[in-house]
Amino acid sequence: MALARALLAAVSSVARHSGSKISIAQRGLASSAIVNGVPVEVHNDSGSKRVVVTKSLPGDRWLQYLVNADCRVEVCKHPDIILSNATIKQLLGTKCDGVIGQLTEDWGEELFEALRQAGGKAYSNYAVGYNNVKVHEATQRGIPVGNTPGVLTETTAELAAALTLAAARRVVEADVFMRAGHYKGWLPTLFVGQLLQNKTVGIIGAGRIGAAYARMMVEGHKMNLVYYDPYPNKQLEEYIRLYGELLRHRGEPPVAVRRVETMEEVLQEADVVSLHCNLDASTRHLINAKRLAMMKKDAVLVNAARGPCIDEAALVAHLKANPDFRCGLDVFEDEPAMKPGLADCPNAVIVPHIASASMWTRSGMATLAAANVAGVLSGYPVWNKVDILPFVEKPMSSVPQAAPSIVNAKELGLKLVADA
Ligand SMILES: NC(=O)c1ccc[n+]([C@@H]2O[C@H](COP(=O)([O-])OP(=O)(O)OC[C@H]3O[C@@H](n4cnc5c(N)ncnc54)[C@H](O)[C@@H]3O)[C@@H](O)[C@H]2O)c1
């Protein structure tokens, strides 16, 4: 009887908020419901602001931000892995105050207009990159757009390092060989790969992730660094210079760092090239057939940035023509598809866009995305300090009263913490 009453109360609550309902079942503190024809998990169903989260997120700290901001949170449970615009619009319905969306979704004119019409005032991407978001479309409609910088850096750099080592030392090929039962005994010529120690690592894009990766390769493998970025990274250069001095002081071969004027110089010189630039019109197909041909025949190319930075069909042709050339890819041009032939190249290590997939990072991303939406809906100013970790690590009772990262704050004239 009591259960039936609870279910009835929950159903009427869903009806109150969404104007539609089909079914509901209590599950812990969350409940399952069908809202606007889409299955969702509802948290804090009495919250006065409706926030839609298009995919389940790890951890629970993110939810605390939204609940503390008096939000009712609906997490989409639609079975499609990549939601269509039609499904997202259906989910937004006629009243939606804020959204946390995914990099697989196309946040442009259509969705921002639907969000505006539903009274939406905040959007956050669950990612640091936001090439899936047409920020000017949000800005035109007065909608702040958040992203999640600062918590992906080391995790993403570690995966790029893992891909580098796996490709250089042929780890995946050797694993497949073992599992197939082909190993009949040690041989001097079995799966011979490349030594990285004291070679040259090249970085295209020496921002947060590029610099973290560079340090891993320089410190871990004593590689020299050559990089191309329109802007110099003086901190990184100074760090490597000092590290080189330490090595020299200890009587070891020092390491060197050099920023070059063109990416072609990186391609010609480096034994390993790792891409860490953001994707925009200037970086689409940055690596093409002509540039691949400039690289060393036995180089390693790593991409944990965005798939379209590489002309993937050209890469497949290059891998086939140059069996000693190797690559490690976390991202693909037409994700989730791969260009024909890539899966058949034994000299390619391929993983399904998992560079940020450590628990600390993925729950940190959720926390920042939720803090962006909660902060905007609470009317807080925008955090404009580099250190974003207080949002992720401080006790909830003392987290900053701010939206951690709003990419169009300036265009929208939002108040910053410093002037608040
Ligand atoms: N695979 C993943 O899961 C994953 C995870 C996190 C980030 N990323 C990608 O990595 C990118 C970098 O992230 P970040 O946090 O280091 O960003 P960031 O802004 O700190 O660094 C990007 C750097 O690229 C440089 N750059 C821009 N255009 C360039 C060009 N034409 N050539 C060379 N360099 C150029 C910028 O000057 C900047 O220094 C993101 O934009 C995102 O797309 C991917």
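How many residues surround the ligand, and which are the closest? In this predicted model, 30 residues surround the ligand. The closest are Gly 129, Gly 205, Gly 207, Ile 209 and Asn 278.

## Ligand shell

The residues of the shell divide into 15 nonpolar, 11 polar and four charged. Domain 1 (2-151 + 358-412) and domain 2 (153-350) each supply at least three residues to the shell around the ligand.

Helix H8, residues 208-221, gives the most to this shell. Its share is three residues.

## Helix packing: H6 and H8

H8 also pairs with helix H6, which spans residues 153-168. The two axes come within 8 Å. They cross at roughly 50 degrees. That angle falls between the limits for roughly parallel (under 35 degrees) and roughly perpendicular (65 to 115), so H6 and H8 are oblique to each other. The crossing of H6 and H8 is right-handed.

## Annotated regions

Over residues 162-355 the model has 36% helix and 14% strand. The end C-alpha atoms of this stretch are 10 Å apart.

Conventions: Residues numbered from 1 in each chain as written. Predicted model: local features only at pLDDT ≥ 70, side-chain atom pairs only at ≥ 80, totals over all residues. Near = placed C-beta within 6 Å. Helix = DSSP H or I, 4+ residues; strand = E, 2+ residues; numbered from the N terminus. Nonpolar A, V, L, I, M, F, W, Y, C, P; charged D, E, K, R; others polar. Domains from an automatic or database assignment. Axes fitted to C-alpha atoms, helices over the stretch in contact; angles between N-to-C directions. Parallel < 35°, antiparallel > 145°, perpendicular 65-115°, else oblique. Left-handed = near helix turned anticlockwise from the far one by under 90°.
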